[in-house]
There are 2 protein chains.
Amino acid sequence: MSQGNIAVPTAAQDEACPINEVLDHIGGKWSIGIIVAAAAGPIRFTELERAIEGISRRMLTLNLRKLERDGLLVRTVYPTVPPKVEYRLTPIARELGDSFATLTAWAERHRHAIAAARRKYDGQPGRPAGGQNL
Amino acid sequence: MSQGNIAVPTAAQDEACPINEVLDHIGGKWSIGIIVAAAAGPIRFTELERAIEGISRRMLTLNLRKLERDGLLVRTVYPTVPPKVEYRLTPIARELGDSFATLTAWAERHRHAIAAARRKYDGQPGRPAGGQNL
């Protein structure tokens, strides 16, 4: 079967970020959560922390910095006491909104089926156990 | 600002896979490439290897196994000599096609802007260097 017409992510031919790497950055579990949470408008660190259940302060900080570095998030510090820090999506990141909402809905819809598939897979003889390293 | 109405991925309340974890599995750079490459129909290991530039045999094997375990990919072995092995998407995985095509196109469109944003970020004084650990 020819794969010639399929838009598969490929390694970069130039100095721009490889598509694979870009997808890896934006596709991570926390990035998606942050972008979805910030889609409605500027949002503060503590609001993000509450909105994204299970994220640690450290992971939130690292992921915010990563998204800021990628030009997907703008961090604004207001010189109040204490300083107020807000994050908002850039226009590039706002384009991801619909796709991420679709993905999140997909995950919600199918997470039970996925859990069942894993239990079935792990229960088969001759399978690598548990998939912990996958 | 209230985040009450936003569909942010949250930790699981039950035994199903948490949305975060599901998104992490399907959102990885290689998973997206594999699912996009397999979208057109059954595909063989060597065809996937060629279609996804930069993937190693080991990473392809691990990611195929992960997607099979999640119930997103079916592996069929035909008893020929040598055995022919084909992978095809399950109906659940086929639902991801449009979102992933959109994401891949987004990454292609903006990878130069993202690379430029990183260079700018890394060039600023007082920034954590390089972002290698992000």
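Two strands pair if DSSP finds at least two bridges between them. Helices (H or I, at least four residues) and strands (E, at least two) are DSSP runs, numbered from the N terminus. With that in hand, welcome to the tour.

This is a predicted model, in which local features need pLDDT of at least 70, side-chain atom pairs count only at pLDDT 80 or more, and totals for chains, interfaces and linings use all residues. Residues are numbered from 1 along each chain as its sequence is written, chains are lettered from A and ligands numbered from 1 in the order in which they are written, and side-chain values use heavy atoms, leaving out hydrogens and water.

**Stop 1: the sheet of chain A**

Select residues 73-78 and 84-89 of chain A. These are strands S2 and S3, and six bridges pair them in the antiparallel sense. To find one of the bridges, click on Leu73(A) and look across to its partner in S3(A), Leu89(A). The two strands are joined by a hairpin of five residues.

The three strands make an open, antiparallel sheet in the order S1-S3-S2. S1(A) and S3(A) run antiparallel and are joined by two bridges; Ile43(A), for instance, has Tyr87(A) as its bridge partner in S3(A).

**Stop 2: two cis bonds**

Zoom in on Pro82(A), in the loop between S2 and S3 of chain A. The peptide bond leading from Val81(A) to Pro82(A) is cis, with omega near -5°. Then move to chain B and pick Pro82(B), which lies in the loop between S2 and strand S3 (84-89). Val81(B) and Pro82(B) are also joined by a cis peptide bond, with omega about -5°.

**Stop 3: helices H2 and H4 of chain B**

Colour residues 29-38 and 57-69 of chain B, which are helices H2 and H4. Their axes (lines fitted to C-alpha atoms, for helices over the stretch in contact, with angles running from 0 to 180 degrees between N-to-C directions) are 10 Å apart and meet at an angle of about 75°. H2(B) and H4(B) are therefore roughly perpendicular, a label for angles of 65 to 115 degrees.

Show side chains next. Contact means heavy atoms within 4.5 Å. On the H2(B) side are Trp30(B), Ser31(B), Ile34(B) and Ile35(B), and they meet H4(B) residues including Met59(B), Leu60(B) and Lys66(B).

How many residues of H2(B) are buried? Nine of its ten are, where buried means under 20% relative accessible area, exposed over 50% and partly exposed in between (1.4 Å probe, protein chains only). Among them are Gly33(B) and Val36(B).

**Stop 4: salt bridges**

Side chains of opposite charge can pair when their charged atoms come close.

Begin with Arg118(A) and Asp70(B), whose closest N and O atoms are 2.6 Å apart. Arg118(A) lies in helix H6 (residues 97-123) of chain A and Asp70(B) in the loop between H4 and strand S2 (73-78) of chain B, so this pair joins two chains. Both residues are buried.

Next, select Glu49(A) and Arg57(A), another salt bridge, at 2.8 Å. Glu49(A) is partly exposed, at 22% relative accessible area.

Finish with Lys84(B) and Glu86(B), a salt bridge at 3.6 Å. Here Lys84(B) is partly exposed at 27%, while Glu86(B) is buried at 16%.

Methods: Parallel < 35°, antiparallel > 145°, perpendicular 65-115°, else oblique. Salt bridge = Lys/Arg side-chain N within 4 Å of Asp/Glu carboxyl O.
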